[in-house]
Amino acid sequence: MAEAFLQVLLDNLSSLLKEEIGLILGVDYEMKKLRSTLTTIQAVLEDAEDKQIKSKAIRQWLQKLTALAYEIDDILDDCNTHVSKLNHSHSKHSRYSLKKIMYRHNIARRMKQVNKIAGDVATERANFHLREMPVHRPREVALASRETASLLNHSHQIYGREEDKHMIVKMLVNDVKEKQEMSVLPIVGVGGLGKTTLAQLVFNDPQVEEHFDLRIWVCVSDNFEIKTLAKAMIESATGSGKAWDLQHLDAAVRHLWELLSKKRYLIVMDDVWNDHQNKWFELRDILSCGSVGSSVIVTTRQKKVADIMRTLPCHHPRGLSDEHCWALLQQRAFVPREEVSPQLEIIGKQIVKKCAGVPLAATTLGGILRFKRIEEEWIHVRDSEIWKLSAEESLIIPVLRLSYHHLPLELRQCFAYLAAIPKDHYIEKEELILLWIAHGYISSKESQQVEDVGNQICNELLLRSLLQTDIDNNTVIGMHDLVHDMAESIMENKVPGIRSERNLASASTIREAFSTIGRVTSS
């Protein structure tokens, strides 16, 4: 969130300098110095955001920066307001009146103070060996991507996905679909929901094996380059690493074309993030050489990606039941045929409610409890937030944070703000946009009104599966419980409790206000 706010500050500083407000108030040098320092800090913020998950020192540094940013925001707003009053004042007093001199002295003192603090923060960044990255670069790998494969782990039982598998297999092999040359079926949902596992179940189903001439599995992640994908598909289809000897795009594409030509194939493209239409259209044209009934399964967190690629309706796996989550947790926490004490079972069934139906959360918590057999240890896990548990043990943290790190800067503050809304509650979309505007998170762009910008941001967060609409009313917005936990963790890391009167109200204050005015409805 810090880097998004910092960009807003830099934009405000540039605007004030352009309007010569610094000159009017006698702080032009201090403003330019501050802009230079903040630009230096901004260059390493992307790397700091990635590393702060595991580094307490970097997390504290970001908290200092956020507190500083709020103070600078207050000062800039004060400058803007003061000059605005001067422009609208018809007073005939001398421009060297005592009141104006005192204001210039006060604002100069405050600017020098924040410049000193900013300089200290900039110097401190050297302790963390952070990499400089272009601020407006296309987002590449935010965190280390996990590579997936088509084989199922038969040492662990899979719960609650038989019905999903049956539905997808039926869509892939039925006669009606044979009329399509190539169909694309997206599986869409939040991180950790089991999209990859479901795709593996389908990929390895006996009906699917018999129906298709060729089956290919590719883990895509951030890299949607055609040559890379073509090589990966060739390697999956042939079982040979010779595909990577192909140096040129044309050779790789021709080889893939020959493999797929006039065959009924199934390709699974796992963990797709690409939302550029042209890249998909280019790949789609290459894949169009198969016979009637060829299919592509895409797993993605983003509805936007699914809408670009799909020819069939999206499949949205539901969260697992508490019973299935408990079975998954047991499977990881206990060795086979180990007797579970009644006390641990009671606590365990309370723990799985934290999972909110997400299989990865159940297996993560089960792994944390693997060598714990004392009730107090289980109670500690039950009473702790997932985000407070060991990052080394918990896979759910980096998996869910990856969605946040893929957000453009201007969306990050708006997303994190949703932590202020209570879990399992929904807010009117229009009301949410007004709150974003009130806190200065969004502003008008060229010919677009600020409300339209807010509506676009809200729709983008919905398309990325970070927000969800109520089943009965699509004008109200809410969050999946674990995504809400992630938003809370971001707010806790960025805002340590030091806020000026103009900054974010605390989550508890907002919740209290919502309950008073009745604008948030329980799901």
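These questions and answers go through a predicted model of one protein chain.

User: How many helices and strands does the secondary structure of the protein chain come to?
Analyst: The chain has 523 residues. Its secondary structure includes both helices and strands. The count is 23 helices and eight strands.

User: What percentage of the residues of the protein chain count as buried?
Analyst: Buried means under 20% relative accessible area. That cut-off is applied to the 523 residues of the chain. The share that counts as buried is 50%.

User: Why is β1 largely enclosed by the rest of the structure?
Analyst: M182, V184, P186 and V188 point one way from β1, and all are buried. S183, L185 and I187 point the other way and are buried too. β1 is largely enclosed because its buried residues number seven of seven.

User: Which residue of β4 is the bridge partner of V188?
Analyst: β1 covers residues 182-188, and V188 is one of its buried residues. β1 pairs with β4 in the parallel sense, over seven bridges. In β4, the partner of V188 is T300.

User: Which residue of β3 is the bridge partner of W217?
Analyst: β2 spans residues 214-221, and six of its eight residues are buried. β2 and β3 run parallel, joined by seven bridges. In β3, W217 has as its bridge partner V268.

User: Is S221 buried or exposed?
Analyst: S221 belongs to strand β2. Its phi is positive, about 55°, although S221 is not a glycine. The relative accessible area of S221 is 8%. The cut-off for burial is under 20%, so S221 is buried.

User: Is H129 buried or exposed?
Analyst: H129 also has a positive phi, near 55°, and is a residue other than glycine. Its place is the loop between α6 (98-124) and α7 (162-173). The relative accessible area of H129 is 68%. Exposed means over 50%, so H129 is exposed.

User: Which elements do the buried residues of α8 pack against?
Analyst: Helix α8 covers residues 195-203 and is mostly covered, with eight of its nine residues buried. Among them are K195, L198 and F203. These buried residues of α8 pack against α7, β1, α9 (206-211), β2, β3 and β4.

User: How do the lining residues of the second largest cavity divide into nonpolar, polar and charged?
Analyst: The lining includes L418, I421, P422 and M479. K423 and D424 also line this cavity, as do H425, G478 and H484. The lining divides into four nonpolar, three polar and two charged.

Notes:
Residues numbered from 1 in each chain as written. Predicted model: local features only at pLDDT ≥ 70, side-chain atom pairs only at ≥ 80, totals over all residues. Heavy atoms only, no water. Helix = DSSP H or I, 4+ residues; strand = E, 2+ residues; numbered from the N terminus. Buried < 20%, exposed > 50% of the residue type's maximum accessible area, 1.4 Å probe, protein only. Contact = heavy atoms within 4.5 Å. 1 Å grid on protein atoms, 1.4 Å probe; cavity = no way out; pocket = protein on both sides within 12 Å on 5 of 7 lines; lining within 4 Å. Nonpolar A, V, L, I, M, F, W, Y, C, P; charged D, E, K, R; others polar. Pairing = 2+ DSSP bridges.
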